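The following note sets out several points on charged residues and helix packing. Please read it alongside the sequence and the model.

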Amino acid sequence: MDPLILQKMQQALKALITEKVISLDEYTNSDAVALSFLAPSGDFVAELTSIPTINCYLIGMSEDKDRRKSESHRSTINTQKTIRTVHREPKFIDLSYMLTVWCKDKEGSAEIEHLILGYLLCGLGMYDFMPADIQQRFDINISPYGVAFKLFGNEQSDKISGQIWQAMGSTPKPCLMLSLSVPVDVHEPLHLPLVQEIKRTLDTH
């Protein structure tokens, strides 16, 4: 059970974007592009600087029914064969992010925003799962499962993104929807001793 899993996923996604996706030219490197997880509200827009900013806004969470397991549990036995550990299957949760790019350059804003969106599209599209080295760095222990990527989100993403723009009273911007399917352990493992010897008493009468 790891109640910090959402915080760790935010850190892992930030590392993936800044280190592996946005690092290819003068506009797309970790020094020239900012990254924010705040809601893209009027306050966010008002505080933008001259540095292009990727906004990575978590717009919703839902169960990933495609990865739901029919088996209720799995078990492992220690090397001494004295303890059986029963693991309840995790809940698979879709974390839906709306990625937009913001630039205050009045003349070149559209060009810069589209350029960075293109790198996000191609860079994130390379991955079916979160890279193992990033998971290890942020202590995301979800073995034997992985964090699956769904570029363009799920069937609810377009509807939700439209509601977000309407609620904020903003003009919709081009956005890239990204859904991370995260196994979340909600049950502690159960440790059971194994029977080492069975003695039988036979009634010969």
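**Note on charged residues and helix packing**

1. Asp139 is partly exposed, since its relative accessible area is 42%; here buried means under 20% relative accessible area, exposed over 50% and partly exposed in between (1.4 Å probe, protein chains only). Asp139 pairs with Lys8 in a salt bridge whose closest N and O atoms are 3.7 Å apart; the term denotes a side-chain nitrogen of Lys or Arg within 4 Å of a carboxyl oxygen of Asp or Glu. Asp139 belongs to the loop between α4 (132-137) and β6 (148-151) and Lys8 to helix α1, so distant parts of the chain, 131 residues apart, are linked. Lys8 counts as buried because its relative accessibility is 11%.

2. The model is predicted: local features need pLDDT of at least 70, side-chain atom pairs count only at pLDDT 80 or more, and totals for chains, interfaces and linings use all residues. Residues are numbered from 1 along each chain as its sequence is written, and side-chain values use heavy atoms, with hydrogens and water left out. Helices (H or I, at least four residues) and strands (E, at least two) are DSSP runs, numbered from the N terminus.

3. The structure holds 7 salt bridges. Among them is the one between Glu113 and Lys173, at 3.1 Å from N to O. Glu113 lies in helix α3 and Lys173 in the loop between α5 (157-168) and β7 (176-184), so the bridge ties together parts 60 residues apart in sequence. Both Glu113 and Lys173 are buried. Beyond residues up to four places away in sequence, Glu113 also touches Val101, Trp102 and Cys103, contact meaning heavy atoms within 4.5 Å.

4. A further salt bridge joins Asp94 and Lys150 at 3.6 Å, N to O. Asp94 is in strand β5 (residues 91-102) and Lys150 in strand β6, so this pair connects parts 56 residues apart in sequence. Asp94 counts as buried because its relative accessibility is 3%, whereas Lys150 is partly exposed at 23%.

5. Arg67, in the loop between β2 (53-63) and β3 (73-77), is buried yet has no salt bridge; the nearest side chain of opposite charge, Asp64, is 4.7 Å away. The side chain of Arg67 does reach the backbone oxygen of Ser181 at 3.0 Å.

6. Helices α1 (residues 5-21) and α3 (residues 109-125) pack at about 105 degrees with axes 10 Å apart, and are therefore roughly perpendicular (65 to 115 degrees). At this packing, Leu16, Ile17 and Val21 of α1 meet Tyr119, Leu120, Gly123 and Leu124 of α3.

Definitions and conventions: Lys and Arg count as positive and Asp and Glu as negative; His and the chain ends are not counted. A polar contact is a pair of N or O atoms within 3.5 Å; within protein, one must be able to donate a hydrogen and the other to accept it, and residues adjacent in sequence count only if both atoms are side-chain atoms. Axes are lines fitted to C-alpha atoms, for helices over the stretch in contact, and angles run from 0 to 180 degrees between N-to-C directions. Angles under 35 degrees count as roughly parallel, over 145 as roughly antiparallel, 65 to 115 as roughly perpendicular and the rest as oblique.
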